[in-house]
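Hello,

Here is the structure I promised to pass on to you. Please have a look at it, and then read on for what turned up in it.

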Amino acid sequence: MSVSQLTDPITSLLPPELITKIFQLCIPELAQKNPLKVEVYNINCIDSVHHHTTTEGPVLLCRVSRSWKDFVYGCPMLWTNICAHSSSALRNPNVFSSWLARSGNLPLAVCISLGLLYHIDVFTIIFNHAARIRSLKFLNPSRTDMTWDFTSSPFTQLDTFAVETVSAYEDPLPNLMTMITAIIATAPHLRSIKWNIDNVPISLTTIGSQLKELNFSTRVADVRTYNAFRACPNVVKLSVIGRSHTKPTGGGDVLLADLQILHSYCFAMQGVVAPKLRKFAFKGYAHCIPDLLSFIRHSPQLDDLDLNLVYAADYFIQMMPHLSTITRLKITVSTFDPIFLTNEMLKTLTCHRVDGAGSCLLPNLRHLDLRIDFFDSRPFDIDGILLVNMLESRCHCPDAPIAPDGVVLSHLESFTFLGAGIITHEARQRLQSLQLQAPGLSLHINVPV
């Protein structure tokens, strides 16, 4: 039986709407937006497609048979996510233009990885479709001869704009800054800006109030960083990657009244107040801890905390009394003494009962993820008794303690431990018994058998 006999009946028997949904599952970005919510990465028959870019997905489908090619070429929905990574399409403006044109009048998402091998007309082609583009991302724009036609229509639908350079340490190209300024100036509905260019390369004063998401890198956090915060008072999601291990300068009090999600690397948000913050991921060093703690104290709604502490693990134990609102906690620490650190953390996390009363840090904790990175490849011994005691004290067991001040103690629902440690046979038996008493507890402990 020929390949065409196996595949052509799909386009001849199934309705076009269903074929479109099936083909969308073969294109990662389109599959993620599919309302069917099918987990396409578990479908073995199309796993190979996910090694290709979004735009190559439609192209690969065209190679199956003539009927598939005709259907794909005539289906605008399959061409609404254009993703080209230094491919032949970027070196041939006619091919690139045809990819964008096949989406008809539908909104577009365009992502191109430029480098040095692309035709200079690529930007003009993008600007010609500006009115339909909702998401635009440039990767590695490194050429100094970037040109475009400013007479094209504005980016009236642009919602997300991202620029990622090869290195955030390098000063951005002047013509790249001119392009960014031109795009932003004609995007009245822009809500998200993401770039790893050093600091915020242009003023956000004119558009900052409309932004809901801001993502940028900075070599040294200074007055420009804080000015960016002040220009975006309504931001809901913020990501700041600091390149310096020194404290920020030129700051001052900044109120981000609507901020709910924050990702920060080596920037402890000194002088920033976010009263509605609910989710916070931070990676940093010891010098960041005092400012970090001050920031957390002014975030009374914080319930999801992800900390990655380098050479600063002891400080986390000091922070625990100030994390009473946390329900989901992930701690990754780097240390030269994993045995001491692990045992001390387990002791601190254990709830205690005394004469019918109880004392417990993190009383609302339901999900705990503890990961120990240490500088020795040898496994270390975990005190299994401390581990089991901690888990038992936080699970729905007859002997579970009562939280102080009448606060209802939340029962632990999941616990993950990664650290290449060794747990004794006796401790394993107690863990198995604990799971029988608390069937709702999910345990993931990576220890050798």
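**What was found**

Cys266 is buried, with a relative accessible area of 5%. Cys266 sits in the loop between strand 9 (261–265) and strand 10. Although Cys266 is not a glycine, its phi is positive, at about 60°. Please keep in mind throughout that this is a predicted model.

There is another residue of this kind for you to look up. Leu362, also not a glycine, has a positive phi of about 50°. Leu362 belongs to the loop between strand 15 and strand 16, and with a relative accessibility of 1% Leu362 counts as buried.

**The chain as a whole**

Now a step back for the overview. The protein chain has 15 helices and 20 strands. Of its 449 residues, 49% are buried. Among contacts with a separation of 6 or more, 65% are between residues 24 or more positions apart. The accessible surface of the chain is about 20,900 Å², and carbon and sulfur atoms account for 55% of that.

**The core**

In soluble globular proteins, nonpolar side chains tend to be buried together. In this model, the largest nonpolar core has 112 residues. Which of them touch the most other members? They are Ile112, Leu136, Phe138, Phe161, Phe229, Leu238 and Phe280. Helix 9 (residues 174–185) gives the most to this core, contributing six residues.

Phe229 belongs to helix 10 (residues 223–231), where Thr225, Tyr226, Ala228 and Ala231 are buried along with Phe229. What do the buried residues of helix 10 pack against? Their partners are strand 6 (213–218), strand 7 (237–242), strand 8 (254–255) and strand 10 (272–273).

**A pair of helices**

Two packed helices are described by the angle between their axes and the distance between the axes. For helix 2 (residues 16–24) and helix 5 (residues 66–73), the axes come within 11 Å and cross at roughly 90°. Helix 2 is therefore roughly perpendicular to helix 5. If you want to view the place where they meet, show Pro16, Ile19, Thr20 and Phe23 from helix 2 together with Trp68, Phe71 and Val72 from helix 5.

**Salt bridges**

The structure holds eight salt bridges, and here are some to start with.

In the salt bridge between Glu164 and Lys137, the closest N and O atoms are 3.5 Å apart. This pair links distant parts of the chain, with Glu164 in strand 4 (residues 160–164) and Lys137 in strand 3 (residues 133–141), 27 residues apart. Glu164 is partly exposed at a relative accessible area of 35%, and Lys137 is partly exposed at 28%.

Glu344 forms a salt bridge with Lys347, and here the closest N and O atoms are 3.6 Å apart. Where do these two residues lie? Both Glu344 and Lys347 are in helix 13 (residues 338–349), three residues apart, which is about one turn of the helix. Glu344 is partly exposed, with a relative accessible area of 24%, and Lys347 counts as partly exposed at 43%.

The side chains of Glu413 and Arg366 also meet in a salt bridge, at 3.5 Å from N to O. Glu413 is in the loop between helix 14 (384–393) and strand 18 (414–418), while Arg366 is in the loop between strand 15 (357–359) and strand 16 (367–374), so the pair ties together parts that are 47 residues apart in sequence. Glu413 counts as partly exposed at 36% relative accessibility, as does Arg366 at 32%.

**A last stop**

Is Thr327 buried or exposed? With a relative accessibility of 15%, Thr327 counts as buried, because the cut-off for that is under 20%. You will find Thr327 in the loop between helix 12 (313–319) and strand 13 (328–335).

Notes
Residues numbered from 1 in each chain as written. Predicted model: local features only at pLDDT ≥ 70, side-chain atom pairs only at ≥ 80, totals over all residues. Heavy atoms only, no water. Helix = DSSP H or I, 4+ residues; strand = E, 2+ residues; numbered from the N terminus. Buried < 20%, exposed > 50% of the residue type's maximum accessible area, 1.4 Å probe, protein only. Contact = heavy atoms within 4.5 Å. Core = buried A, V, L, I, M, F, W, Y, C linked by side-chain atoms within 4.5 Å. Areas by Shrake-Rupley, 256 points an atom, 1.4 Å probe, with all protein chains shown as cover. Salt bridge = Lys/Arg side-chain N within 4 Å of Asp/Glu carboxyl O. Axes fitted to C-alpha atoms, helices over the stretch in contact; angles between N-to-C directions. Parallel < 35°, antiparallel > 145°, perpendicular 65-115°, else oblique.
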